[in-house]
Amino acid sequence: MSDQTLPWRRTALRSVTALMLREMASRYGRTPGGYLWALLHPLGVIVMLAYAFALLQKTPALGTSFLLFKATGFLIVRQFTVLGASTGHALGYSRSLLLYPRVVWIDAVLARFALNTLVVTGVAVVILAGIILYDGVQSFINWPLLLLAWGLGAALGLSLGMLNCYLFHRFEIWQQIWTILTAPLFLISGVILLFEDMPRAAQSVLWFNPLLHLTGLMRAAFYPVYRPDYVSLVYIGLWCLVPLVLGIMLMHLYHRDLLARQK
């Protein structure tokens, strides 16, 4: 490691940390509810879904807890939508600080991604632990598989978020398109129904949704009897890699133009 490389890494680390602290104070510290709202929103959705399906079915598709079944699907889908949107808005959120020469666009992206990953992970831990205690679930958790599913979900959020960082600021209409595309995700990503319980025609189309593979991995981590044979790690890996590389290339080439457009 050269003497020039180490100071650069230290400067980058300080920039990312400062941007994270800034967002913690401005986004969560000054808004009503702050971190509490980040917890209550997904919890409310999970409770409503679980209650609604408890009225329609005697038992969930897996296990005995409707809350745990819905949570294991919904939380990883929400992780992707939160990271994909928040990371995509990193350039506009930190535009004023990017005028300083020591702060570069990748610092803003990594800071937003890191902070929001910590928040959604903390929320997921609290909700899942609370459900297991509340319902008295006797579950053997496959920790390596759980970490793999959650890590791939974060990587997918970063990948699409990096590409969104260019698209959001280059094409204003893309923000509306992204909202429309992500709105029905919990319906088509295995949150409501398992892939195996879907009609054959739906399976042939929805298999190409990478989130369906992630919910399968997430459920397999909590339910040892579940074997989602349809899951392809190679396919998820391509979704994590291709948009990321494309987004980095576009941001490297056009980040100055994107910043100028926001003035």
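Reader: How are α2 and α5 oriented to each other: roughly parallel, roughly perpendicular or oblique?

Author: In this predicted model, α2 (residues 35-56) and α5 (residues 105-135) pack at an angle of about 50 degrees, with their axes 10 Å apart. Axes here are lines fitted to C-alpha atoms over the stretch in contact, and angles run from 0 to 180 degrees between N-to-C directions. Angles under 35 degrees count as roughly parallel, over 145 as roughly antiparallel, 65 to 115 as roughly perpendicular and the rest as oblique. The two helices, α2 and α5, are therefore oblique.

Reader: Which residues of α5 make the contact with α2?

Author: Contact means heavy atoms within 4.5 Å. From α2 come Tyr35, Ala38, Leu39, Pro42, Leu43 and Ile46. Their partners on α5 are Val119, Val123, Val126, Ile127 and Ile131.

Reader: Good to know! Which residues does Leu75 touch?

Author: Residues up to four places away in sequence are left out of this list. Leu75 then touches Pro42, Ile46, Ala124, Ile127, Leu128 and Trp150.

Reader: Which pLDDT do side-chain atom pairs need?

Author: Residues are numbered from 1 along each chain as its sequence is written, and side-chain values use heavy atoms, without hydrogens and water. Totals for chains, interfaces and linings use all residues, whereas local features need pLDDT of at least 70 and side-chain atom pairs 80 or more.

Methods:
Helices (H or I, at least four residues) and strands (E, at least two) are DSSP runs, numbered from the N terminus.
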